[in-house]
Amino acid sequence: MPQIQKILVANRGEIALRIMRTAREMNIRTVAVFSEADRTSPHVRYADEAVCIGPAPSSESYLNTEKILKVCRDLNVDAIHPGYGFLSENAAFAQKVAEAGLIFIGPSAASIEVMGSKIAAKQAASQYNIPMVPGTVSAIQDRMEAKIIASSIGYPILIKASAGGGGKGMRIVASEDEFDEQMDRAVSEALSSFGDGSVFIEKYITSPKHIEIQILGDHHGNIVYLFERECSIQRRHQKVVEEAPSISITPEIRHEMGRCAVDVARSCGYYGAGTVEFIMDEERNFYFLEMNTRLQVEHPVTELITGIDLVKQMILVAEGNPLPFVQEDLTFKGHAIEIRVYAEDATNNFLPDIGTLHTYTKPDGNGVRVDDGFEQGMEIPIYYDPMIAKLITYGEDRETAIQKMIRAIDEYQISGVATTLPFCRFAMQHEAFVNGSFDTNFVSNYFRPDMLSTNSDEETASLAAVISAYILNLNAAGKPVQNEGENTYVPKWRSRRFAGS
Ligand code: ADP
């Protein structure tokens, strides 16, 4: 069995660091690749070796397959971990890695290929007894036929790009009158964003929950599920809050969803870590949505409730080891919540807010994990996803995890860019979140930007007072003077009670 000696992490930011930390614990050397924009990033310093592979745009750096493979040859790398995003779900890359005699820490190129197409994924999964959202089972060729199917399913329906991802390439069609117009838009969007105009139809579930199952498979045909994550708090069909376990399902549903997830994985001969996503309606019927063939952003909540390091398992599987557990060995304990701290302005339609992190102080303490890739003074580059960090809390039950999250959000100090922290604090205190009645429409149902507005005159004055006190407290070298017991400024939104609290 090959023992991996050196891993190149073909990624950046928090996930690059997260992977390198586990590699170091396993006595495996690490290589960072980085773009010119990331020269001073923590992941570059953390790695045993680091190589600049090109200018800031990802097409010239993090997506540059040839350069990455050259670094592997030059530095005697034996395995590549792709993280998430970038090359992680690129079947051609996985194939090239294998052809270069390297280990791809992930599934086979064939599995990536099948699950990369939502249509092919559904077709593969249909060999098993897996519930699917009512809709078309192949790409739409004939509009008239599609319209007949749409009216037999009943409006509203969703037109989806088969190659879609990241919440893009979806169009809701409320009635038949809109069908042609939305279909034209969906096809042209799918072509321009994904280079593939194939679209299909799904019934639009009006109040759904997004629940997904973490799976792990090895090269010996063993596949297990590591329970679920609920990721229903989303904006633009993209997740902002995730938790494990879900309070919306019963042990029976968990078991049945787990079985379906394992079958989906089996349908494409899966090994490594993967996630099978489901959507669940108000009657708790669940349907297979898609499979993500990589480590997921929200994997830490699963790690916290199961005690299993998913990156370590990915590496062990890639070395050819059988999984060290069977399904019956697996249990979970307590509750974990993750919020994504994006440089985004929730009061401005969650638009990215690029700038410099003038203040950046992380929360800490019992039950708090921060996975990040930034430091105070760094810029949030415009070239990549604007996620600054993932803040994760763990407690013996959901209520404790929520309380810890509110405490941790209050400790998190970020200035220079707007972040999703105030929105996430709002969510944590909202009745619908607390009592579990939320669905993927949480933002449109309950959130209005004025619920976060902070700029009262009183607050502006108090902020000015804090800034001048801070400046007075800088020593000659510009370093803060530490005064024990000094009060720290707490922005007003942190102490405000929001509707629903
Ligand atoms: P992507 O690959 O872009 O992430 P998904 O198919 O995973 O697309 O769906 C992303 C999100 O879009 C889901 O979490 C859910 O909020 C919404 N969604 C997807 N399909 C449906 C559907 N049939 N009905 C209602 N909402 C849906």
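The legends below describe close-up views of a predicted model. Local features require pLDDT of at least 70 and side-chain atom pairs pLDDT 80 or more, while totals for chains, interfaces and linings use all residues. Residues are numbered from 1 along each chain as its sequence is written, and side-chain values use heavy atoms, without hydrogens and water.

**View 1. Domains of the protein.** Domain 1 (6–105), domain 2 (134–203), domain 3 (209–449) and domain 4 (451–499) divide the protein; their bounds come from an automatic or database domain assignment. A distance of 36 Å separates the C-alpha centres of domain 1 and domain 2.

View 2. A polar contact is a pair of N or O atoms within 3.5 Å. In the side chain of His210, an N or O atom is 2.7 Å from an oxygen atom of the ligand. For Glu277, a polar side-chain atom lies 2.9 Å from a ligand oxygen atom, and for Gly166 a backbone N or O atom lies 3.3 Å from one. The protein buries 95% of the 550 Å² that the ligand exposes when taken alone; accessible areas come from the Shrake-Rupley method with a 1.4 Å probe.

**View 3. Ile382 on the surface.** Ile382 lies in the loop between β18 (368–372) and β19 (387–395); strands are DSSP runs (E, at least two residues), numbered from the N terminus. The relative accessible area of Ile382 is 60%, so this residue is exposed (over 50%).

Conventions
Helix = DSSP H or I, 4+ residues; strand = E, 2+ residues; numbered from the N terminus. Buried < 20%, exposed > 50% of the residue type's maximum accessible area, 1.4 Å probe, protein only. Polar contact = N/O pair within 3.5 Å; in protein donor to acceptor, adjacent residues only side chain to side chain.
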